Amino acid sequence: MIVVVGLSHRTAPIAVREKLVLEAADLPDFLRALVQRPEVGEALLVSTCNRVELVAAGRAGFDSDLDQVAKACVDALAAHSPGIAPHLYAHVGGTAVRHLFRVAASLDSMVLGEPQILGQVKDAYELARKAGTVGSVLHRTLPRAIRAAKRVRTDTAIGSGQVSVPSVAVDLAREIFGDLSGHSALLVGSGEMAEAVARLLKVGGASVVVVGRTLSRAEELANIVGGVARPWSALQQSLVEADVVVTSTSAPHFVVDYEMVSAARKARRGKNQFLIDLAVPRDVEPRIETLDGEFLYNIDDLSKVVSDTLSTRTREAASAEAIIGREAEGYDRWADAEQATPTIVQLRGRLTAALEEELSRSMRGKLKHLPETDRAAVLKMLESAVNRLLHQPTIRLRQAAIERSQEGLSLEQLSAAINELFGFDAESEAVSATENALTEADLEADNSGLSLSPKARVVASRN
Amino acid sequence: MTDVATIAFYLGVITYSVAATLFFLELARKDGDAARAQWAPRLLALGGALHAIHVLTASLLSHVCPIDSLHFALSFSALIAVGAYLALRQRLRLSALGAFIAPIALTFLVGAQFVGQSSESTQGVSRTLLIFHVAANVLGIGLFLIAGAAGSVYLLQERRLRTKKRVASMGSRLPPLDALDTTTHRLLLAGFPLLTFGVVTGAVFSHQLTNTGGAESLRSLLGYATWVLLAAVLVLRKTAGFRGRKAAYGTIAGVVCMLLVLLLYVVRASVGGNL
């Protein structure tokens with residue numbers, strides 16, 4: 001199991017969050033230092049504008065004392081950025097897994113359903129992997145978190161639409177014109193939102209013309225958005241040339257009226273035109289909407305689209321939470337089953353060692369006449385016998401780990417019985433799960449009874 | 001061979017049906033699933049291939065050149081519409097048009113089965129010219145079917161953006177207005193010479209044939225109406241900037257006339273040419 005320690009927009013104001021800045025270049029060293037601590041075996045760090053979270057596992061894998069791991073993580077973050085400790089939260093075990101899954105699925109983001117977080121989680125995993133601070137637990141947990149997040153995005157509308165007015169405006173422009181390259185945009189007036197729309201249009205490939213009552217101000221804005229400035233007198237001509245018109249002036253009257261657009265429409269020979277009126281009071285006469293090929297959206301229209309999108313996302317969040325719940329339950333079952341792994345490894349090691357010892361003796365004695373091919377066949381036969389012998393105990397141990405029912409023997413009881421029967425000594429019991437944990441492929445091989453895993457052989461040789 | 005034609009027909013019907021359903025689901029879905037969305041055009045392409053196999057094997061079986069029979073000509077038109085749609089889909093972001101094209105192809109594939117052999121006498125008509133007449137019409141119908149579909153989707157998309165309803169929920173599933181307008185125009189440009197040839201040769205045949213009745217006159221009238229409407233759309237676009245919604249309405253009206261001409265052919269063939 002894992003722990004998640006950190007802070008986010010939910011627990012810390014920006015003044016605190018900005019204290020905890022970890023440069024990407026420093027991260028590998030920070031993580032390596034963290035896993036040098038006796039309690040922490042694995043770690044990665046998810047860092048975004050709104051959150052910094054350490055995801056860590058103990059040195060003893062699934063048997064670690066997670067409270068100690070969490071404490072070590074808190075200490076590490078607090079040591080790096082003094083003063084943040086009161087704002088740190090720590091999730092442990094199943095709660096931490098659910099939290100990580102929710103974070104990756106953007107259910108804990110400031111903007112619900114934002115798509116960046118999944119990429120940031122993937123980047124964090126990749127960075128830690130390269131730094132060598134990811135072990136068997138995180139190697140199995142992070143892919144599950146990423147898979148859960150992808151399922152949420154695929155099966156729900158949590159990421160649908162745009163949630164900012166400028167993005168909605170540009171999306172609508174694309175619904176009218178398709179690719180924006182080769183199209184022209186006219187920005188009338190200034191304003192933060194209009195500037196953002198103009199920037200997005202420019203990024204989309206449109207050319208931008210800025211018209212303002214003050215030419216110097218228009219030139220300044222044109223420089224910012226990468227456009228061309230024109231004087232106010234060029235407004236009518238600019239209307240003819242523009243496919244997208246963004247208005248945001250503080251004029252108390254209509255700046256773009258019906259007659260202007262009607263005249264421009266004739267000159268444009270009926271080509272579609274999209275007018276985005278971001279001003280209050282409005283800059284564009286509403287009657288323009290009645291003209292064929294003229295599409296007018298004001299700030300209320302755009303805000304309603306944003307609001308509808310957010311409502312959709314909020315509705316979808318319930319379905320997303322259900323998916324996360326199912327994925328987390330699946331993780332819990334798998335993690336429970338993992339607790340049986342040390343006993344299975346010991347059992348397999350003991351049987352393999354015994355059989356190999358007997359085989360080796362026979363090969364030197366009564367069976368020394370056997371050619372290489374026959375020796376290999378005998379070895380393979382014994383391996384198959386071990387797999388068949390261990391198949392049922394393996395399943396039973398895992399069931400006991402998962403079910404934890406009152407009826408029947410518990411994993412602890414079964415493990416104790418096996419230890420007693422086979423006489424595993426203290427040394428063998430101390431073989432850490434992390435050191436000897438079977439990979440998923442190994443476990444599959446165990447289930448299919450195909451062969452002994454190499455790691456089991458290592459244990460066997462130790463025994 | 002009969003089995004191949006029959007199997008291809010039934011499989012074609014199934015794949016067209018599934019493709020049409022997927023296209024509609026794609027329009028109705030809440031959010032994107034790129035993998036699922038890609039299946040609809042793939043199935044439409046598969047349906048087109050089966051459709052082609054059916055037309056070829058069935059025509060070989062009955063020893064009829066596909067364009068010599070109304071039955072096959074109708075089927076072939078839909079096949080051309082499917083091919084043209086698949087060719088244009090990616091380049092012009094026209095995926096949503098599949099919701100129109102797949103049902104049209106299905107209707108033509110199935111509908112053609114109920115069309116009997118035309119008993120119309122073609123004595124006194126140049127066989128070469130007749131083949132070119134039918135070929136031009138088949139190709140033109142295929143192109144105009146997509147133009148009509150593009151015009152219809154244009155009206156849907158324009159209405160949605162104008163009324164500002166379902167703007168957030170529909171997202172960008174319908175093609176951009178400009179792409180639809182350009183597609184309609186290009187298809188009209190490509191199909192118009194074929195239509196003109198079909199109308200002119202049709203007029204020549206009408207003059208040469210003696211068994212013309214009321215239905216034949218109505219068919220000619222509707223053929224001329226189609227030509228006039230589509231010519232008007234093209235000319236007015238060039239001279240008066242007649243595009244967008246008006247062009248879409250004009251195109252749909254022309255395509256409806258064209259379909260009425262086809263309907264008259266079908267009805268006449270079904271009643272044994274007694275109209």
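These questions and answers walk through parts of a predicted model. Residues count from 1 along each chain as its sequence is written, and chains are lettered from A in the order written. Local features need pLDDT of at least 70, side-chain atom pairs count only at pLDDT 80 or more, and totals for chains, interfaces and linings use all residues.

Me: How many residues of strand E1 of chain A are buried?
Reply: Strands here are DSSP runs of at least two residues, numbered from the N terminus. A buried residue has 20 or more other C-beta atoms, placed from the backbone, within 10 Å of its own. E1(A) covers residues 2-8, and the buried count is 7 of 7.

Me: Which residue of E3(A) is the bridge partner of A:Ile2?
Reply: Two strands pair if DSSP finds at least two bridges between them. E1(A) and E3(A) run antiparallel, joined by 7 bridges. In E3(A), the partner of A:Ile2 is A:Ala57.

Me: Which residue in E4(A) does A:Val5 stand opposite?
Reply: E4(A) spans residues 89-92 and runs antiparallel to E1(A), with 4 bridges between them. Opposite A:Val5 stands A:Ala90.

Me: How far apart are the end C-alpha atoms of helix H6 of chain A?
Reply: The expected span is 1.5 Å times one less than the number of residues. H6(A) has 20 residues, so it should span 28 Å. The computed distance agrees: 29 Å.

Me: How many residues does chain A bring to its contact with chain B?
Reply: Residues are in contact if their C-beta atoms, placed from the backbone, lie within 7 Å. Chain B gives 22 residues, and chain A gives 23.

Conventions
Buried ≥ 20, exposed ≤ 12 C-beta atoms within 10 Å, placed from the backbone. Contact = placed C-beta atoms within 7 Å.
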